[in-house]
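Here's a quick tour of a protein chain for anyone just getting started with structures. Have a look at the picture first, then read on.

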Amino acid sequence: MFKQLYRGAALLAFAATFTACDSFGLEAITPIDAVPLELAITNAQGAAAARTGVYDGLQTADLAFDGFLSLPLYYSDDCDWTGTFPTRAQFDNYNVLPSNGTMGSVWADYYAVINSANNLLAVLPTVEDASLDDATRNNYLAEARFGRAIAYFQLVQGWSDVPLILTPTVGVGEELNVPKSSASDVYDQIIEDATFAAANLNDLSLGMSPAAANALLARVALIQGRYPDANTFATAAIGADYDLTSEAYLEDELFYLEFSSTDGNSNAFFFGPAALNGRYSIAPSADLVAAYEDGDLRKDLSVATDDAGANYGIKYDNFAAGSGSQDDPLYLFRAAEMVLVLAETEARAGNFDEASDWINQVRSRAGLDDVTLTADNFLDLILQERYVELAMEGGHRLWDLRRTGKAVEVFGPAGYEACDNVWPLPQSNIDTNTALEQNACCNC
């Protein structure tokens, strides 16, 4: 049960051997209870290695494409399945089975990130090293909590109620039988972790920042319908006087997962057509392509067409590099998202002049005419703008239509039902965790 929970702990025990995007089976490692956790992190150097393990876990191959991108993209009208893997086709067809191996790997890898974070959070406060000052120690703790918050955010969006585990998994017995916690409790933990991260991250935080942590808090508040809080956190992330038009499209970074040629991903490979040595497993949907207005500069920066007339995504465009060594970043938090959060929350407060000013920053940068938001049109116009601005960057479209109650209306013609609002828990975990109850989803 939950083999992912102590795979991450084993990684910490052998911190010197961390390499991004590696994968291996449970049989290949020694359970962490054979190596005391305190031996893995004993000084500042060990703590630094351990904190990179959390970041490394977020970069894992299963998460870099399937976890953050393909599964929620297929599950919406953002992208279509164009590949050969039937487990991915199940997401495109709203027919996800508990036995889906791709989904199971994603679930496992998110919990590996969580366990890596839990190990660091458990041990680091007790480490005695004169070179580990309070600011550095708190920064490492904040990185771990931010990584854990990201993992739990992704889990709760896919599965809703999930096991909430906040201590290291170090054994292989009954302690691994963990029941689900409510989505509300999971959100509370995300908020607590992100709040700590916003207060303690510094400039040495692997690209993590207070702005990114506040962006996560804004995203959670928007999903929960806490619109004044979403406005407050979005403002904290970018500032009340922020001007999106001063930054180029896709360069408005708050937090991107970075990759290199030796520590890469395969996203361009999966989005690219055969002519560019790609597998073409995922493509922008016809609905997405049609959603771009005439003259929208973002379209040619997001979608291209091959000689056969097929559309393919180019937000991940390092086609020259081989699969596994492509260095395109993953866009986890951008300022444009926060601008659109401010547009929506101001509109919901009845401040339509301010709301219009915010959305028109996004439209102006895209080369489009201004719009005037009103009580009658603001939600449709903002959802449309979010659709094209954040296309192919993750689950934004799926989350937006769920939180606004429009998922069945929009996705229904393709087979989406209300019971598709949650995915099934992996059957392998149901079989081995006696405390875990299956979700009430369409195929459960």
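Let's begin with Tyr55, which is buried because its relative accessible area is 10%, under the 20% cut-off. Keep in mind that this is a predicted model. Across the protein chain, buried residues make up 59% of the 444 residues, and the secondary structure comes to 17 helices and 6 strands.

**Aromatic rings that pair up**

- How many aromatic pairs are there? The count comes to 25.
- One of them brings together Tyr55 and Phe255: the ring centres are 6.4 Å apart and the planes sit at 75 degrees, so this pair is edge-to-face.
- Tyr55 belongs to helix H2 (residues 44-58) and Phe255 to strand S2 (residues 253-257), so their pairing ties together parts that are 200 residues apart in sequence.
- Is Phe255 buried or exposed? Phe255 counts as buried, because its relative accessibility is 0%.
- Tyr256 and Tyr331 make another edge-to-face pair, because their planes are at 80 degrees, over the 60 needed, while the ring centres are 4.8 Å apart.
- This second pair also links distant parts of the chain, with Tyr256 in strand S2 and Tyr331 in strand S6 (residues 330-334), 75 residues apart.
- Both of these tyrosines, Tyr256 and Tyr331, are buried.
- Ring pairs also build a cluster out of Tyr75, Phe91, Tyr94, Trp107, Tyr111, Tyr152, Trp159, Phe411, Tyr416 and Trp423.

**Strands S2 and S6**

- S2 and S6 run antiparallel, and 4 bridges join them.
- Where does Tyr256 stand? Tyr256 stands opposite Tyr331 in S6, and those two residues are the ones whose rings pair edge-to-face.
- Strand S6 is mostly covered, with 5 of its 5 residues buried.

**Charges sitting over rings**

- Arg88 has its charged end over the ring of Phe270, 4.9 Å from the ring's centre.
- Arg397 does something along these lines with Tyr387: Arg397 lies over the face of that ring, at 3.8 Å from the centre.

**The nonpolar cores**

- Some background: in soluble globular proteins, nonpolar side chains tend to be buried together.
- Here, the largest nonpolar core has 129 residues, and the members touching the most others are Phe68, Phe146, Ile190, Ile238 and Phe255.
- Which helix gives the most to this core? That's helix H6 (residues 134-159), with 13 residues.
- Take Ile238 as an example: setting aside neighbours within four places in sequence, Ile238 is in contact with Leu254, Ala335, Met338, Val339, Leu342 and Trp358.
- Another core, of 7 residues, lies apart from the largest one, and Ala268, Tyr280, Ala283 and Ala304 are among its members.

**Disulfides**

- A quick reminder: a disulfide is a covalent bond between the sulfur atoms of two cysteines.
- How many disulfides does the structure hold? The structure holds 2.
- One of them joins Cys419 to Cys442, with an S to S distance of 1.8 Å.
- The torsion about the S-S bond of Cys419 and Cys442 is about 90 degrees, so this disulfide is right-handed.
- Cys419 sits in the loop between helix H16 (407-411) and helix H17 (427-432), while Cys442 is in the segment after H17, so the bond ties together parts that are 23 residues apart in sequence.
- Cys419 is partly exposed, because its relative accessibility is 26%, and Cys442 counts as partly exposed too, at 28%.
- Cys441 and Cys444 form a disulfide as well, and their sulfur atoms are 1.7 Å apart.
- The link of Cys441 and Cys444 is right-handed, with 75 degrees about the S-S bond.
- Cys441 counts as buried because its relative accessibility is 11%, whereas Cys444 is partly exposed, with a relative accessible area of 41%.
- What is the pairing if you number the bonded cysteines of the protein chain in sequence order? The pairing comes out as 1-3, 2-4.

**The chain as a whole**

- Among contacts with a separation of 6 or more in the protein chain, 70% are between residues 24 or more positions apart.

Notes: Residues are numbered from 1 along each chain as its sequence is written. Side-chain values use heavy atoms; hydrogens and water are left out. Rings of Phe, Tyr and Trp (its six-membered ring) pair if their centres lie within 6.5 Å; planes under 30 degrees apart count as stacked, over 60 as edge-to-face and the rest as tilted. Helices (H or I, at least four residues) and strands (E, at least two) are DSSP runs, numbered from the N terminus. Buried means under 20% relative accessible area, exposed over 50%, partly exposed in between (1.4 Å probe, protein chains only). A charge sits over a ring if NZ of Lys or CZ of Arg is within 6 Å of the ring centre and within 35 degrees of the ring normal. Two strands pair if DSSP finds at least two bridges between them. A nonpolar core is a set of buried Ala, Val, Leu, Ile, Met, Phe, Trp, Tyr and Cys residues joined through side-chain atoms within 4.5 Å. Contact means heavy atoms within 4.5 Å. A disulfide is a pair of cysteine sulfur atoms within 2.5 Å.
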